[in-house]
Amino acid sequence: MCHVNPKAAALFPGLCRGTALSDNVPAWLATAHAQTAKSRQADNAAVPGLVGERSFEAHPTVQDDGNVVWWLVDDTDHQLAREALREERERTAFLTEASNTLLSSLNLERCMDVIAQLAAEHLADAAVVIAPRSARRLPVVLCLRGGRPQRFRWDVDPSEVPGLAEALQGFPPVPSRWIDPASAPEWLVPEGFGTVGSIVVTPLPGHGVPAGALVLLRRTGETAFSDGEEVFARLFAARSGAAMSAARLYAEQVSLTQTLMRDLLPPALHQISGVDFAGGYRASRDHERIGGDFYDVHPASVEGEESFAVLGDVCGKGMEAAVLTGKIRNTLQALLPMAGDHQRMIDLLNGALLNSHHTRFATLVMASAVREAGSVRLRVTSAGHQPVLIVRHDGTVEEGSSRGTLIGTFPKAPATTMRETLAPGEFCMLFTDGFTEAKGGPLGDEFFGEDRLRAALSQCAGMPAEAVVEHVQMLASQWVGSGSHDDMAVIVIASPRSHHLSAVDGHTRGRFTA
């Protein structure tokens, strides 16, 4: 027999005194009652279940006579709150994971792939990521749930999709209930997707300019996008747009850096009018390609005249030093008509540096070389730079006699010019202090030093200029190992053991014969 209070009777209208409990309550409660009555002891755990659309917890109490008293607690609001909290935690975790994944790549195409795949797996049945128009086409990445991203370039009209053209311009999204799924053009729907049941179109906001748009698609039969899901999609789109914008900005900076780098990188050297030139450069940091050391070789404009070479060292390292390096190189190139007068070039360059906003100074060494009767006639002028080293055919190493004042510090920079003749098989090496001051060796704290450099060069007598450069760089690299070092630059000017057969006015490699 049942005894019910008024609230229980209201909850279970068919339940009244004298009726069977199992015939008038949900199955979950009837089963729990039967088990409790049979065991004659109550489990401390509450029994959850639904009554209509609301959630209840049923708590049993077994009386001394064996009857079971049930009292029910409506915990619908608590369940809804817990479910909302669970969803919010899952969404927060997803957004955190998405942000980390998106920001791990600064490649724009890869970033679009990740956005499409994440959106298709977690937000919709299919996702379409559309970037702003490029070369009259829209870069697009499309992804089905469980599939791989596919890249396209569409020549389509985005205004065919309500809100898409506006989203690409950064305007607020159009609510999905305003978009008729049947109006979706064929190009928007993935092949084999089926009938579109609902669409969300949201902008991908970037840093100051729109990064693109995100389109989410669900099939017919799936639950339409709710207001909460649209809000969440916009949160995801905000992070995605920031990642795309960062990737695009990085790509632009890389392109700009590469363009500027081409003018700052040391040139490739070769034989010029019978004079053998070779050069090598290593920046102080292995991840950088430019720094404060530099060199250039400018071929003579007329066959039989001197070619001009310069090697220098700007105070400092990295990009800031490289900027001043570029200025010095451009200034020297503008002064090439005066290359016959080294002192005049040094004076004009010194004045240019003194009048600039740079507070750095530089040292450099100039060399003019021309082939004459099988030998190479050489003029060398040092402006605060360490002396050049000349290696004779018998391995004797001589120190250049030119001396001068560094550039960019004092009103005047006087220097002396030396003249030398290189017989066949002899060479002159211009180098920066990155070689002699390279720390390494067995204990890692000893300078490579000029004595070791001289000994190494003595063994290079008669070698081609390029081989000398490679040998010196190899020794320096072995000496420093993985330790830190300064920029290293070197030029070798050699008199080949051969006669030069000129090709195309003597400005190509040509051929050498014995």
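This note sets out points on helices, helix packing and selected residues in a predicted model.

1. Helix 3 and its length. Helix 3 covers residues 76-103 and contains 28 residues. From its first C-alpha to its last it reaches 40 Å, close to the 40 Å expected at 1.5 Å a residue. The buried residues of helix 3 are Thr76, Phe94, Leu95, Ala98, Ser99 and Leu102.

2. Packing of helix 3 on helix 4. Two packed helices are described by the angle between their axes and the distance between the axes. Helix 3 packs against helix 4 (residues 108-122) at about 160 degrees, and the two axes lie 10 Å apart. An angle over 145 degrees counts as roughly antiparallel, so helix 3 is roughly antiparallel to helix 4. Their crossing is right-handed. Helix 3 contributes Phe94, Ala98, Thr101 and Leu102 to the contact, and helix 4 contributes Cys111, Val114, Ile115, Leu118 and His122. Of these, Phe94, Ala98 and Leu102 are among the buried residues of helix 3.

3. Helix 11 and its buried side. With 16 residues (465-480), helix 11 should span 22 Å at 1.5 Å a residue; the C-alpha atoms at its ends are 23 Å apart, which agrees. Buried in this helix are Ala465, Val468, Val469, Val472, Ala476, Trp479 and Val480. These residues lie on the same side of helix 11, because they cover an arc of only 100 degrees around the axis. After the helix comes glycine 481, with a positive phi near 60 degrees.

4. Packing of helix 10 on helix 11. Helix 10 (residues 449-458) packs on helix 11 at an angle of about 140 degrees, with 10 Å between the axes. This crossing is right-handed. On the helix 10 side, Arg452, Leu453, Ala456 and Leu457 take part; they meet Val468, His471, Val472, Leu475 and Trp479 of helix 11.

5. Valine 492 and its surroundings. Valine 492 belongs to strand 21 (residues 488-494). Its relative accessibility is 0%, and buried means under 20%, so valine 492 counts as buried. Setting aside neighbours within four places in sequence, its contacts are Asp276, Phe277, Ala278, Phe427, Cys428, Met429, Ala465, Val468 and Val469. Isoleucine 390 is 102 residues away from valine 492 in sequence, but the two C-alpha atoms are 9.6 Å apart in space.

6. Most residues other than glycine have a negative phi. Serine 273, not a glycine, has a positive phi of about 50 degrees; alanine 373 has a positive phi near 50 degrees. Serine 273 sits in the loop between strand 9 (271-272) and strand 10 (275-282), whereas alanine 373 sits in the loop between strand 13 (362-372) and strand 14 (375-383). Serine 273 is buried, with a relative accessible area of 13%. Alanine 373 is exposed, with a relative accessible area of 86%.

7. Alanine 30 in helix 2. Alanine 30 lies in helix 2 (residues 27-39). Its relative accessible area is 14%, so alanine 30 is buried. Not counting residues up to four places away in sequence, alanine 30 touches Ser22 and Val25. Alanine 20 is 10 residues away along the chain, and the C-alpha atoms of alanine 20 and alanine 30 are separated by 9.8 Å.

Notes. Residues are numbered from 1 along each chain as its sequence is written. This is a predicted model: local features need pLDDT of at least 70, side-chain atom pairs count only at pLDDT 80 or more; totals for chains, interfaces and linings use all residues. Side-chain values use heavy atoms; hydrogens and water are left out. Helices (H or I, at least four residues) and strands (E, at least two) are DSSP runs, numbered from the N terminus. The expected span of a helix is 1.5 Å times one less than its number of residues. Buried means under 20% relative accessible area, exposed over 50%, partly exposed in between (1.4 Å probe, protein chains only). The arc is that of the directions from the helix axis to the C-beta atoms. Axes are lines fitted to C-alpha atoms, for helices over the stretch in contact, and angles run from 0 to 180 degrees between N-to-C directions. Angles under 35 degrees count as roughly parallel, over 145 as roughly antiparallel, 65 to 115 as roughly perpendicular and the rest as oblique. A crossing is left-handed if the near helix is turned anticlockwise from the far one by less than a right angle, and right-handed if clockwise. Contact means heavy atoms within 4.5 Å.
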